[in-house]
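Let's take a walk through this protein together. Have the sequence and the 3D view ready, and follow along as we go.

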Amino acid sequence: MFAEFKHTMRRLRGQMIGWGIGLALYVVLMVSFYSSVARMGNLYEELLKFYPKEMMGFFSSIREINTPQGYLDIYYFNYMTVILGIFVVGACASLLVGDEEKGVLDLVMAHPVSRTALFWGRLLGFVTATAVILLVSWLSWVIPSGRSGLELTWIKFLQPFLPLFAELLLFGTVALLLSMVLPSGRMAGMTTGGLLIANYLLIGLANINQDLKPIVKYTPLHYYQGGYAVSGLKWGWLAGLLAVSAIFAVLAWWRFQRRDIRVGGEGGWRLPALPFRRRAGAGREA
Amino acid sequence: MAVRARTGYLPGELALDSNMTVEGALRYFNTLRGNKADWGFVHQLVERLQLDLKPHIKNLSHGNKQKVGVVQALMHRPELLLLDEPTLGLDPLMQHEVYHLLREARADGATVFFSSHIISEVETLAERVAIIRQGVIVEEAEPSQLVSMAIRRVWVRFKEAVDPTSLTEVEGVTLLSKSNNIAVHLQVEGEMDGLIKALAAFPVSDFEIERPSLEEIFLAYYESNDKEED
């Protein structure tokens, strides 16, 4: 398992460096802007009066942009599930199936490594890589914050990262599970990415249209605190997100244990032939 | 798991992680085996196959990728080797080096199973050959046994013109061609005994048996099966 963990970490090294540095630069820039935004105070509130009410509803935290939690939410945590979601969905959808589709997994599995070790080693590598990216982001908020007026302790800064981490794990494990049941990793990535973006839009739209409120409580992002976790973490929500992620991971592992591995030269499985396709095939044979 | 630990495997469609270096890929496979390989032996294999450890897999030619596959299959000195087309894409010199490596593995006590479409390779290396048709073993024997069981072609030259009709009446003998009744080209299925006895009545000046290659035997199996299916 450790060999696969190390291998996954090595493979995700570029992603960790790229995402880590990119987000760190962005965060440092945002930290330096906070004192200016906070100083605007009443002026900013006057400005917001001219914003369309739909926009104010969609980005509800914009009203609190001059508070630390509002600022953190609107400039980072609100959309980081979608931004970092690109990384987690892509990484998880190809964590095992990517190698399978390239034919690499055939040779790997001829070595004395169990499917369980292969699966959990790689998943642990992905989880660690995600944690490293978030750790770099967290440090980028914490280290320069003293000079910016963002007067939060390092623990307060850490709190919103925990629900973000849990959400990313949840969507990552969904992508992993779908990659085990859908014909290709690409399809699993597209489906999970679509679900993630749809959920993000639904949450924003539910702030505008109250009829959507009963639906959103069944979606994962409803239980995402974003920057507001600075004021207090909802441990129940966090535990729930982690538990659901664990269930998806176990289901993906169970599926990986029982499925045939495609070897080099084989394509993805096909959907069952539809009646008209079967007839067309029979006509050709005749 | 225990069996896989003692087995070396080379797939026919070899695919490696293209972003790794040759050394990275070999070290990764070695880690999967619990770092059991003797790295000195790995270097020996690499040198004998003239493989550079530094380049990335994506920059390697097909032949060099195949060498990586051969090294990873042999590097832990497995007791059982399963190789699908081990010399695919290798130049003749490297093919011979792989033959040497496989003979050495066999001499060290390893059992080597390999599939090949290169019949000369099978003749050179194999102690036993199985012919597989549509996923089923249709024949299994030593290469020499297969050759002796097969159809032979015989050239016979006579001192004077003869009527070869009586030769074609021998069981298993077919006349392929004749030249002014002085020379005949025959095909013999099964034992040669009947033909030799029939030839005793003729003034024979020359006699030559064409030994079939393993390739011809292989093709004969396929052709005969095709006829049966028709």
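A:R11 counts as partly exposed, at 30% relative accessibility. (Buried means under 20% relative accessible area, exposed means over 50%, and partly exposed is in between, with a 1.4 Å probe and protein chains only.)

Before going on, some ground rules: this is a predicted model, where local features need pLDDT of at least 70, side-chain atom pairs count only at pLDDT 80 or more, and totals for chains, interfaces and linings use all residues. Residues are numbered from 1 along each chain as its sequence is written, chains are lettered from A and ligands numbered from 1 in the order in which they are written, and side-chain values use heavy atoms, with hydrogens and water left out.

## Charged partners

Side chains of opposite charge can pair when their charged atoms come close. Here, a salt bridge is a side-chain nitrogen of Lys or Arg within 4 Å of a carboxyl oxygen of Asp or Glu. The whole structure holds twelve of them over all chains. What does A:R11 pair with? Its salt bridge is with A:D99, at 2.5 Å from N to O. That links distant parts of the chain, with A:R11 in helix 1 (residues 2–11) and A:D99 in helix 5 (residues 97–102) of chain A, 88 residues apart. (Helices are DSSP runs of H or I with at least four residues, strands are runs of E with at least two, and both are numbered from the N terminus.)

Is A:D99 buried or exposed? It counts as buried, at 2% relative accessibility. A:D99 also forms a salt bridge with A:R122, where the closest N and O atoms are 2.8 Å apart. A:R122 sits in helix 7 (residues 115–145) of chain A and A:D99 in helix 5, so this pair ties together parts that are 23 residues apart in sequence. A:R122 is buried too, with a relative accessible area of 1%.

## Over in chain B

B:R48 and B:E97 form another salt bridge, with their closest N and O atoms 2.8 Å apart. Because B:R48 lies in helix 3 (residues 39–48) and B:E97 in helix 5 of chain B, the pair ties together parts 49 residues apart in sequence. B:R48 counts as partly exposed at 27% relative accessibility, whereas B:E97 counts as buried at 18%. Now for a network: salt bridges that share partners join A:E4, A:R11, A:D99, A:R122 and B:D17.

## The greasy inside

A nonpolar core is a set of buried Ala, Val, Leu, Ile, Met, Phe, Trp, Tyr and Cys residues joined through side-chain atoms within 4.5 Å. The largest one has 121 residues, and A:Y76, A:F126, A:W141 and B:L26 have the most contacts inside it. Apart from it lies another core of 14 residues, including B:V156 and B:L195.

What does B:L26 touch, leaving aside its neighbours within four places in sequence? Its contacts (heavy atoms within 4.5 Å) include B:W39, B:V42, B:L53 and B:M75.

## Chain A overall

Chain A comes to 13 helices and zero strands. Of its 286 residues, 48% count as buried. Its C-alpha atoms fill a box of roughly 80 × 45 × 30 Å, taken along the principal axes. Among contacts in chain A between residues at least 6 apart in sequence, 78% join residues at least 24 apart.
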